[in-house]
Amino acid sequence: MIYFDNSATTKPYEEVIELIAKLMSEEFGNSSSLHALGLRAERILEDTRNKLASTIKAKPEELIFTSGGTESINMAIRGTTEVLKRSGKHILSSPVEHAASLEALKELERIGYQIEYLEVDEYGRILIDDLKAKLRKDTILVNIMAVNNELGTIEPVYEAAQIIKSKNKATVFHVDAVQAYGKIPINTRDLNADLISFSSHKIHGPKGVGMLYIRKGTRIHPLIMGGGHERNLRSGTVNVPCIAGFGLAASIKTERMKEDQEKCGRIRDILIKELSDSLSDKIRINSPKDGVENILNISFKGKKSETILHFLEMRDIYVSTGSACSSKKNAISHVLKAVKVPQQWAEGSIRFSFGSFNTEDEAVIVADAIKEIIKIM
Amino acid sequence: MDKIILVRYEEIFLKGLNKHVFENKLIKNIKHKLDDLGAVRITKSQSRIYIESDDANFDFDEAIVRLTKIFGIASVSPVVRVKSDYEEIKKTSIDIVGDLIVRKSCKTFKVEAKRGDKSFPMNSPQLCADLGGHILSKFPRLRVDVHNPDFVLYVEVRENTYLYSEIIPSAKGLPTGTGGLATLLLSGGIDSPVAGWMIAKRGVEIEAVYFHSYPYTSDRAKDKVIKLSEILSEYCMGIKLHVVPFTEIQTAIYEKCPHEYITIIMRRFMMKIAEEIARKSGSLALVTGEAIGQVASQTMESMLVTNSAVTLPVYRPLIGMDKNEVIEIAKKIGTFDTSILPYEDCCTVFVAKHPVIKPSLQKTLEFEKVLDSEKLINDALTKTEVIKL
């Protein structure tokens, strides 16, 4: 099997699976229980929190554990507006955000907030000048992703943070780092964001776990009420075994980040070269050259991406598409639409995304497979 | 006092001397469908069927849901049976009415009584009046409304007395297995499942043929068709689904035939393959969901051309129906929600932008000559997967 769909999800590291299984069996206590079993679970939880905090140079108390990226994003957005609703109703974001952000914002729009979307270039990168133009003193929240999941584009979040904070320190800046964590450095001392969302299963950790960084001094209203866990900010019995898995995956991934990304870069380059050489003007590279090395989005002229996907799966190769076959013509992803990829290219767009387990040999095999498939189709 | 289910049929009445053939088939089908719910006793009496169970765990509600989907049954009623003793009848009536008032907050009622046993001391009108009066005395808030009551209490006095208030309309038609076997061309769309259901309703057993174009269409499209077949099989006594690999044929047609004729030629291949399958299984007709004018391949000229590919009769139960009428039935029988799931059964690559709407048979035959039809069809048949549902 060749798994080139790591931006959708990743296979957990073996050590992570072992750790989770061990903890589920031996340390199954509820971290809120008063007895020794609970205390041991709590210690594991706090050790993990420390570990994760150090990967982003944050303080442990600035991290809250959630059920994943989507929950963290929702918590950041809804939690902020709930606190700042009296200060204003203006929110800025971009049209290439993940559905978790876009849908949360749509819901806010429905109840009276004003959401404005920044202009982006042909790779989905926000235009800094447009940010400067649209920012207002009464903007309560700016929501931008650090890395785009479909194209791999790296957004100028460090720069944006400076601009936002110089306009108004009280404007909350939320960064969706779900695809960025472990791929580019996230350093909360340099990145002036108030809230940052993370996910475990994109970095070879288990699904169902994520975290939200909340800068000391930033207030948000909890999304989920209950027993008061995570300092009252996120109730619900804490999933200690999987969080520990997340912590282990994060330390492994951030440690091998540089070499992983370099390898991904080589895999990406092989694909680009092989496909460009044989298919030249029949393909279009949608990803920017300076995007993350582990995501490559390519369009095949006049082909249907879902068909390519199924032909590849027949060869045990797994990728993702930017469009789904459907009788509805608007089945093209909102990201491809926002960067204005022409329809006949967009319908044939495939996303290759690499991870720790992929190799350059795989890139050669996949390139050959694609060349064959395009010929048949 | 026994809780039983009363099953009524309609058209079987008309079968004269053959009535018991249909009745017995219906009873056999009912037994099969209720088999896993527990031990049942099925009796027929005076052109009705009674179902009862001594099993305390027998799920009456589930049994009724299944019965309403069995062809041949016109309506179903959950019934309470008591001795034909007036005191018992009165007492049971009160129980039933009391329960109804709580469950459905009814304010008006009427009693409809039928006295089949002439030895019973009261006649029907007397029974209605007296029982009605008794009910009013126990439930002073109720009123009688003989025109539009919130509920009706039916009382049938025979050897025993049967009381009920619900008459649940059911699938009607004729019992499956009394009509022969037909072969349905099933796609994932709204029409073909409805067409299949309408023919099955006349007591015909159905086998289905689905043309699968992986990888141009996904396995999800195939799952969708399997799901539709499962829904249909709730009404019949099981369906055999033939999944025919169609990719090679589609690509051959696409590569070698003029663009506007590819749809028509594909449909002719589908008909031929379905007919081959029908021949092998002893089926006496093909069934399609075609309706005049719905799409380019369903104009009269087009249907003439596709029909001439086969010699078996082709039943098109939707031929004169509007889309809305078909959708209504699809919703009623439970296939609509599955049909509208977006997994295409034919990749749009193979759909011409301007398909011919008045194809000529002569031209079609000419265009088909370049294909090795026999080989393509035989290959497809050899690789066909059969799923029993």
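Author: We take a sheet, a strand and a helix in turn. This is a predicted model: local features need pLDDT of at least 70, side-chain atom pairs count only at pLDDT 80 or more, and totals for chains, interfaces and linings use all residues. Residues are numbered from 1 along each chain as its sequence is written, while chains are lettered from A and ligands numbered from 1 in the order in which they are written.

Reader: What is the strand order in the open sheet of chain B?

Author: Strands (E, at least two residues) and helices (H or I, at least four) are DSSP runs, numbered from the N terminus. Two strands pair if DSSP finds at least two bridges between them. Here the order is β14-β13-β10-β11-β12-β15, with mixed pairing. β14 (314-315) and β15 (385-388) of chain B each have a single partner strand, so one side of each lacks a neighbour in the sheet. β11 (205-212) and β12 (240-245) of chain B run parallel, joined by 6 bridges.

Reader: Which way do the residues of β2 in chain A point?

Author: In a regular strand, side chains alternate between the two faces of the sheet. In β2 (63-66), A:L63 and A:F65 point one way, A:I64 and A:T66 the other. All are buried (20 or more other C-beta atoms within 10 Å of the residue's own, with C-beta atoms placed from the backbone). β2(A) runs antiparallel to β8 (210-214) of chain A, with 4 bridges. A:F65 has A:M211 as its bridge partner in β8(A).

Reader: How many residues of helix α9 in chain A are buried?

Author: In α9 (305-314), 7 of 10. Among them are A:I308, A:L309 and A:F311. After α9(A) comes A:D316, with a positive phi near 65°.

Key: A residue is buried if 20 or more other C-beta atoms lie within 10 Å of its own, exposed if 12 or fewer, and partly exposed in between; C-beta atoms are placed from the backbone.
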